[in-house]
Structure formats: C-alpha cells, structure tokens
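Trainee: Could you walk me through reading the sheets and cores of a model like this one? I would like the general idea and then the case at hand.

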Amino acid sequence: MHIFRRKKKDATPSRPSTPESRSHDSTMVILTNVISALDMANELVPLDIAKSVLSTLSSILTLVKNTMQNKEDFVEIISRCDRIAKSIERSTHGRSTSEINPRITQALDELKSVVDGIEKTLKAKEQRALTKRAFSASVDQGSIAKWKDQLDFFLRCYDVRALSNKTMRFYSILPHPQSEMITYIAVTVDRPSGEGAMEGKSDEPEREPPPARPPMLFGRDTLIQDVVESLNSQHVVLVGPGGIGKSSIAKAILNEDSIVAGFNDRRFFVRFDNINASQVTFDTFIGLIARTLGVRSNRLSSITTFLGASNVLLVFDNAETFQDAASGADRIAEVIEDFGALPTVTIMFTTRNRRVPMNLRCTMIDVPALEPNAARNAFTHIYHANGPPAIIDKLLSDLDFHPLSINILAHVARRNQWTLEELMRSWEGQHTHLLDAGDGKRQSLSVTIELSLTSSSIQRLGPDARHVMQVAAFLPQGLNGRYLEHLFPTVPNIHSIVGALCRLSLMYRKKDAYTMLSPIRLHISSAHKDDYIPSLDLTHVRAYYYEQLAQVYGEDDGGAWITAEDANLERLLAHDLSHVTPMDMGLICLACCQFIRQLRQHKCRPTSLRAVILGLPEGNPRPTKFLGFFKYIRQPLSRNAGLYGKADCAFQLASLAVDLINVTESVDLFATAKQLFTINQRHEQAALCLEYMGSQYTWLGKISAAEDTLQDALTMRREHHILSSEDKARINLYLGDAMMYRGRLEEARVLLTRARRYFQDVNNTHYLSETMQWQGEVELRSGNYLAARQHFEALFLLPTFMGNANERALNLILLSVVEVREGKISEAQKLLEKASALVSGGKEFYTAYSVLLRQGALASDGGGFDLAGDFLYRVFVEVAAHGGQAELAVATYYSARNELFAQDYRNARDLFSRALEYFDELSDMKYQVRCVRALGEIALLEKDFTGANMRFAKAKSLCDETGMHPDFLYNGLGFSELKTNHEGWKLFLEGHLPSS
C-alpha cells in the first residue's frame with residue numbers, strides 16, 4: 001500500500017480535532033508505517049551495505065518520532081526514506097550478490113555517507129536536549145530542506161544506476177521531482193554488434209574547451225603566479241569591481257603550463273556573463289554547468305560523478321550573477337559547497353562582491369587596478385596617438401587605471417579619431433569621483449559609461465543617450481532597428497544615438513536588433529537598483545508594444561513580429577503586471593491575453609507569467625481606456641475589466657498548457673479561471689472552462705470526474721440560458737470521448753454522430769476533425785474496422801489536412817492501427833514509413849515522436865526487439881532535446897512494454913515501476929492503471945500469484961475510482977496494449993486467477 005496516497009477530498013475525521021492534532025497524528029502514523037517498512041526491507045535485501053543504509057534510515061525516523069518536536073516538518077524526509085526502501089528492495093530483492101550491478105553498491109556507499117551525517121546531527125540534537133533536561137528537540141527547516149535535497153540527489157542517482165543490470169545508455173536530466181525543469185532519460189538495451197547495431201557512435205558528450213589566453217593582458221604576471229600557487233592548496237576567489245580584469249586573469253590562469261599539466265583537458269570556464277541575475281534559477285545554474293562540462297544530464301548525480309572522476313579546475317565567471325539569482329540562491333551555494341568538498345575539484349570564482357559559500361575554504365584575492373606603466377601599454381596598444389605622455393597619464397589616473405574603462409576609452413578615441421586634447425576635454429567635463437565601492441570612489445565602469453555618453457559626439461545628439469541605454473538594458477532582445485522611431489518618438493536623432501552607442505562599444509547590432517553586452521546590461525540594471533525601474537520611463541515603449549500587439553490581433557502578420565519580439569514583450573508584461581494599478585489592470589490583462597494567444601499560434605512555449613497573473617488583485621478596478629486596443633476589441637472594457645482580465649489570462653494560460661501537453665497544469669488553471677469568471681458573473685466563459693476541464697480529465701483517465709464536470713457545464717448553460725447548438729455539439733463531443741472509456745460504445749457513437757452533424761453543417765473543421773477521429777476510435781473498439789477506416793480516410797479530405805504534413809502524418813498513424821487490427825503488419829509498417837517521411841526534418845516534435853513510438857511498438861509486436869530498441873532510443877533522443885515529462889513517461893512505458901515482450905521480466909518490472917512513478921507525478925490515471933496491470937502480468941509470469949492478485953486488485957480499484965471500464969484500459973489509436981497471451985487481467989476479472 002502506498003503510504004503517501006492523497007486522501008479523497010470528501011474524507012472527514014471521525015472525531016472533532018484541531019488541524020494541528022490531525023497533522024501530528026497523521027505524521028505519527030506515517031512514521032510508524034515507514035519505520036516498519038524499512039525494518040521489513042532490511043530483512044529482505046542481500047547486500048550488507050543496503051542493510052546498513054536501511055538500518056540508519058530506521059534510526060533517523062525513530063529519532064524523529066521519539067525526540068523531534070517539529071515532526072510535521074519531516075514529512076518529505078519520511079517520504080524520501082520510504083522511496084529509498086522501495087528502490088533498494090526492488091533492485092536487490094531476490095538476487096544474489098554476484099547478480100547485483102556494482103553501480104548499485106557504489107550508489108549505496110554514497111547514500112550511506114549522507115544518512116550517517118543526518119543521523120549524527122539528530123543524535124547530537126537529542127543529546128543536547130537531554131543535557132538541558134528537555135523532552136524534545138527540533139531542527140530548523142533549512143537543514144531539513146538540505147537533507148531532503150541530498151536524499152533526492154542520491155535517490156535519483158541510485159535509481160538510474162539500479163535501473164538495469166544490462167548495458168544501458170542513459171542520457172539523463174533528472175532534476176528535483178517538483179522542479180519545473182523537464183525530466184529526460186534515454187534507454188537502450190544491449191544489442192549484439194553487426195548490421196543495425198550502433199557501434200562506433202561515441203556516447204562521450206562534447207565539452208566546451210577552455211578559452212584561450214587573452215592576447216592583450218598587461219601587468220598581471222605576478223598576480224597570475226600568486227593565484228596559481230594558491231590553487232595548489234585551496235579554492236580561490238578573484239574579487240573586484242566590474243571591468244577590473246578578473247575574467248581575463250582567469251582565462252590566462254587556465255592556460256598556464258602548470259595548470260594545463262595538472263588538469264589536462266579538465267579545465268572548464270563556466271560563463272555567467274551572458275545571463276541576467278533575474279533569469280537565474282537553480283535549474284538554469286545546473287544546466288549551464290552541465291553544458292559546459294559536456295555532461296548530457298542536468299542531474300546533480302551525473303555532474304558530481306563527472307567531477308569526482310579525476311582532477312578538475314572549475315572556473316565560475318561573473319559569480320555575482322548566480323549569487324543574486326532570482327530563485328534558488330541558497331541551493332546554489334549548497335551545491336557549490338558540495339562540489340568544493342570533492343577532493344578532485346578545485347574552484348576559482350570571479351566576482352564583484354565578497355560573498356562566497358560559507359562552508360567553502362577559499363583564498364580571497366583582490367584584483368587591483370593596473371600599475372601606471374601597464375595601463376599606458378594597454379591604452380597605447382589600441383590607440384596610437386601623438387601627443388604629450390602627461391595627458392595620457394593624467395587621463396589613465398583619472399580612470400583609476402581601470403582595465404575595461406581604458407580598453408573602451410581607447411577604442412572610442414580611435415573610432416572617433418579624436419586627438420588626445422579632444423579626448424581630455426570630453427573627460428574633464430565629468431565628475432571624477434567614483435561610486436562607493438569601499439574606497440570612496442565611483443565604480444570605474446560607471447565612469448567609462450559616463451565618459452562615453454558625454455563625449456562630444458554624444459553631446460551633439462542631446463541628453464537622451466542614457467534613456468536609450470536604459471531601455472535597451474530592460475529589453476532582453478534589444479531594440480528593434482526597424483521601429484526605433486516608434487520606441488523613441490520624442491528622440492528625433494534616435495538613429496544617430498544608437499549608432500554612436502555602437503561606435504562606443506556600448507551597444508552592438510545583432511541582426512535587426514540593437515543590443516548590448518551583458519556586463520553593460522547588468523551594470524545599467526544593477527548599479528542603480530534602488531531607482532532604476534522607478535525612474536525608467538517606459539511610456540513610449542509600452543505604447544509601441546501594446547499598439548503593435550493590438551495590430552497583429554486585428555491583422556495577423558503570420559507570427560513574424562511576435563517571434564522576433566516575444567521575450568521583450570513578456571518582460572514588459574511581467575513588469576506591468578507586477579506594478580499594475582487599478583486603472584490599468586484591465587488593459588494590461590487584455591494585452592497579456594493577446595500575447596499568449598500569439599504565442600500559442602506562432603511560437604508555442606512556456607512563459608513565466610503565471611505567478612504574476614495569479615498574484616493580481618481580485619477587486620473591481622475602475623474602467624480603463626487605451627487608444628491602441630480599442631481599434632480592435634469588440635466591446636469596451638467593463639467596470640470589472642480587471643477581474644475579468646485576470647480570469648481571461650488564467651484561461652489563456654490553461655489553453656497554452658493544453659497545447660504544451662501540460663495536462664495537470666491546464667486543469668488547475670481552468671479551475672482558477674472558472675472560479676474568477678463565476679465571481680465576475682461571466683457564466684458563458686465559466687461553462688467553457690468546465691467543458692475543457694472535462695476533456696482534460698478524460699485525457700488523464702479520470703472518467704467519472706470528466707462526466708461530472710461536463711454535466712456541470714451543461715447544467716450551468718441551461719440555468720443561465722446560454723446553451724447554443726454549438727455548445728451542445730461540443731459537450732456531446734467531449735462526453736462521447738469519455739463514454740468510450742466507460743465502455744458505453746453505443747452511447748459514444750450517438751453523441752459523436754450528433755456532434756459531427758452540427759460541425760459538418762457549420763463547416764467547423766477544427767472540431768469536425770476531432771469528432772471524426774473519435775468516431776473512428778469507437779469503431780475500432782467495436783471491431784468494425786471498415787467503418788474506422790472510412791472515418792480516418794475521410795479526414796484527408798478536410799481543408800486542414802490538405803498540405804499539412806503533420807496532420808497527414810498523424811492520420812497515417814490512425815490508418816496503421818486499422819491495418820494492425822486486420823493483421824496487415826507490413827501495410828502498417830509502410831504507412832508509418834510514409835508518416836516518418838512526411839515529418840522528417842520538420843520542426844514539429846510531437847508528430848515525429850508519435851511516429852517513432854508507433855514504429856518501435858510495431859517492431860516489438862513482431863518480435864523485433866532489437867529494432868524496437870533502436871526506434872525507442874531515437875524517441876528518447878527526441879525527448880531529451882524537445883520533450884517534457886509526459887513524453888518521457890510514455891516513452892518509458894513503451895520501453896517497458898518492449899522488455900516484457902522480450903521476456904526480460906526483471907528489466908520490464910523496473911521500467912514499468914519507473915513509468916508508474918512518472919505517471920503518478922503527472923496524475924495520469926490511464927497509464928497508471930496500464931502500468932499496474934502490466935506489473936501484475938509480470939508477477940503472474942514469474943509464478944507470483946499473490947503479487948499478481950495484489951496488482952490486479954489495485955488496477956481494478958483504480959478503474960472503479962476513475963470510472964474506466966476494465967475492458968477498455970487502452971485507447972484504440974495507439975499501440976499500448978499488451979499481448980493477448982497476457983491473460984492474467986482477464987482471468988482476474990473473471991475470478992479464475994489462482995490465489996497461490
């Protein structure tokens with residue numbers, strides 16, 4: 001029994017109790033159950049190291065149960081212990097020591113060190129409590145969170161190593177289960193060499209080579225040698241203001257002879273100079289490290305294993321970026337501490353601040369400004385001007401001999417062909433005191449920027465250059481060069497200003513956009529944190545983007561504009577939603593909805609807007625007006641425009657989640673939108689949310705919930721007299737889909753026929769194609785293959801299918817299913833080959849993924865298990881590049897199915913168990929039932945009648961809970977079914993399965 005299964009919403013306590021007492025009682029029950037499970041697993045596993053780990057985990061939970069005051073804070077730790085016990089038992093029980101993969105033992109050794117540390121800490125807490133004559137102790141939530149992450153880290157590492165005793169290739173990116181990052185895993189089974197085998201293809205990923213030594217580096221030889229010597233014994237932090245030369249010094253150190261000899265090709269330079277701190281999360285931090293190292297996986301276990309293999313020098317450049325990360329800064333610091341604790345790892349930071357991870361022993365080296373001679377050499381190497389040396393020395397002294405300022409200034413002087421006197425006159429008009437950086441002076445980069453902005457060329461252009469730079473720093477994709485006049489309508493010389501900024505190396509052109517280097521962007525946005533955003537005038541920027549967004553709403557441009565400007569617009573919307581006023585809320589929400597619609601149509605991708613949208617107030621803002629959108633919207637914004645706008649934004653986010661196959665998220669967002677629409681008395685939209693929720697419930701296999709929700713939508717429409725013929729047809733369509741999984745095929749046939757009749761009459765090809773597809777599925781389930789074929793072939797005649805390679809490829813998959821049902825395997829293979837050819841080289845991931853899955857399943861059905869493995873390997877490669885958690889879960893299921901058909905029951909069981917975990921996280925009940933049923937068949941094949949009955953009983957319970965008919969676990973359009981000789985499920989349902 002799964003200890004952590006969620007209770008039903010209508011469950012009520014048997015006696016009155018406080019929330020605190022219920023939580024405490026529940027935690028005590030869970031603790032008792034998991035401790036018992038750990039002790040039982042300890043008796044079953046053969047490895048001594050496994051027994052030791054389980055014993056320590058039992059001791060940890062016993063300490064929590066008996067001593068810790070804040071037991072409820074340990075719930076996730078308890079859950080991890082439970083999962084660890086299940087994983088260890090699943091991978092070792094019933095195997096001799098010689099049969100167990102050495103990788104398992106290695107993973108358990110690593111896990112043992114972690115749990116020993118947790119146990120030691122808890123025992124110390126217990127002892128201190130006893131010393132103080134206290135009956136209980138507590139642990140702070142920060143320590144608990146760290147332990148949870150450590151257990152997650154080693155648990156995922158262990159699961160991957162334990163997944164198979166065969167030679168398997170894993171390209172894994174397996175972050176924290178709750179992370180927003182996507183989880184990928186690619187698996188292939190051992191295949192003999194020869195024709196078709198993938199020999200000679202290296203699995204070694206490409207690493208980023210270390211950067212070359214900078215060609216212009218003056219006056220740093222002594223400092224470089226000091227750093228190299230310090231690296232022999234401990235980590236090093238190079239600290240100093242921006243532009244002082246930290247990165248150049250680090251690159252030079254990477255190329256020192258002694259460093260090359262000591263680390264060979266394991267010298268890595270992790271760049272954080274091209275990303276804003278507001279964009280950094282724990283996942284982006286780990287991903288950037290993985291890409292630099294050439295590790296295919298974003299899993300901490302993979303990265304740590306790579307770092308621990310042999311000596312490695314890891315340089316974190318511009319470390320202040322992740323130190324000020326938008327989220328996860330503490331977790332990042334903890335991971336760096338863990339990396340630094342490895343004996344093989346040497347770390348060097350370059351950073352603007354003196355904050356480093358607390359538990360990392362480092363030598364902090366301040367990078368000073370250049371000596372006068374070195375500064376002069378650096379300047380004259382770029383700018384060869386005749387004139388008194390004293391002028392150069394005075395200018396460099398005023399710059400505080402700051403390397404980047406010297407470099408930029410020399411380039412500015414050379415490009416503008418200034419004399420030394422002209423350059424000095426430009427400088428003398430400036431404030432020479434520097435921003436406070438500890439020594440009472442302004443930061444040197446600020447002086448350089450101010451110098452460039454007040455040069456004679458910029459002076460002639462007026463005072464707007466700084467504003468242009470602020471806007472360019474605000475917009476991630478820079479300034480669209482074709483619309484500069486729209487962005488800056490009050491700046492008559494905008495092109496001259498942008499050109500001058502480019503000449504001054506403050507900006508550069510990237511295709512049609514003018515942008516700036518990340519260090520300068522970071523300076524603009526971070527050097528004045530207290531007043532940057534408040535003082536930034538976005539009036540005309542907002543007018544341009546909202547006007548343009550309204551225009552593409554009225555006249556679609558094919559997605560050209562939104563594709564080029566999506567990140568800029570998202571940044572602006574996020575800012576406006578975060579600083580919204582009651583007057584503007586309706587307008588901004590309207591713009592946000594149109595943005596999401598454009599994304600769905602032209603550049604379907606996730607957004608970061610959910611948090612700011614759901615955080616909007618739910619009051620009743622005043623009416624709002626805006627000149628741009630009123631040309632294109634059909635009605636003026638109402639008194640409750642803000643609340644309605646929030647609801648519509650949630651609805652659009654839900655629709656985007658549907659497009660991205662984030663089904664669970666879509667249900668949550670539709671539920672939120674429905675609630676907001678209801679508050680706003682928008683019953684038409686609220687009913688539509690219910691309809692879409694019902695459809696998504698069917699996708700998840702929650703058939704009873706789907707039917708109830710769709711009936712609620714029908715009732716709401718009738719009560720409010722908003723039930724049109726189109727609404728009836730749409731609800732009939734969704735109910736027909738649900739009825740198929742109920743096993744009520746005749747009812748589904750009637751509902752779908754009614755829906756098709758309406759959609760055909762009004763020529764609604766979108767819903768018509770969906771209806772025809774499901775009609776074909778009904779006939780497939782009924783065994784009427786001729787009618788199914790007719791429905792599918794008729795789809796090719798719809799306008800939406802003509803010339804649409806993706807739609808035609810998906811329809812070929814449907815026809816291949818008919819061929820399989822009729823026993824025409826070769827014809828099915830030909831159809832899938834045609835489908836593959838249609839999408840080959842295309843950009844539509846899901847279609848190519850679907851074709852490959854079916855090709856692999858069909859090969860497996862025919863006994864071509866090696867060929868199936870090849871197809872499935874390609875599937876996992878596609879998932880790793882483009883897919884998500886849902887695609888990974890389904891691919892894992894198909895891999896398990898292939899192993900089952902190949903009679904490799906142990907490997908099949910491991911993969912089905914892994915797939916079951918994925919589907920549980922996704923709340924996908926359809927595939928959960930299929931996995932549990934498959935595990936029951938495996939147990940029966942292994943003569944484990946008790947285990948088989950338990951699995952089948954669980955599957956039947958899930959069917960009863962969700963409303964799925966036990967005879968209709970599989971949809972008619974895929975290849976997910978098991979073979980007919982897997983009869984355990986049928987025997988169980990008939991009551992003929994032996995109990996022992």
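**Reading the sheets and cores**

Mentor: Let's start with an open sheet of five strands, whose order is 2-3-4-1-5 with parallel pairing. Strands here are DSSP runs of E, at least two residues long, and helices are runs of H or I of at least four residues, both numbered from the N terminus. Two strands count as paired if DSSP finds at least two bridges between them. This is a predicted model, in which local features need pLDDT of at least 70 and side-chain atom pairs count only at pLDDT 80 or more, while totals for chains, interfaces and linings use all residues. Residues are numbered from 1 along each chain as its sequence is written, and side-chain values use heavy atoms, leaving out hydrogens and water.

Trainee: Which are the edge strands of that sheet?

Mentor: Strand 2 (267-271) and strand 5 (362-366) are the edge strands, each pairing on one side only. From one strand to the next, the twist averages 15°; angles run from 0 to 180 degrees between N-to-C directions, with axes fitted to C-alpha atoms, for helices over the stretch in contact.

Trainee: How many bridges join strand 2 to strand 3?

Mentor: In general, strands of a sheet pair through backbone hydrogen bonds, either parallel or antiparallel. Here five bridges link strand 2 with strand 3 (residues 312-317), and the two run parallel. Arg 267 has Leu 313 as its bridge partner in strand 3, and Val 270 is opposite Phe 316.

Trainee: Is strand 2 mostly covered or uncovered?

Mentor: Mostly covered: four of its five residues are buried, meaning under 20% relative accessible area with a 1.4 Å probe and protein chains only (exposed is over 50%, partly exposed in between). Helix 12 (residues 329-341) lies across strand 1 (235-239), strand 3 and strand 4 (345-351), at about 140° to strand 4.

Trainee: What is the order of the three-strand sheet?

Mentor: That open sheet has the order 6-8-7, with antiparallel pairing. Strand 7 and strand 8 (residues 513-515) share three bridges, and Arg 509 stands opposite Tyr 514 in strand 8.

Trainee: How many residues does the largest nonpolar core have?

Mentor: A nonpolar core is a set of buried Ala, Val, Leu, Ile, Met, Phe, Trp, Tyr and Cys residues joined through side-chain atoms within 4.5 Å. The largest has 175 residues, and Phe 595 is among those with the most contacts inside it.

Methods: Contact means heavy atoms within 4.5 Å.
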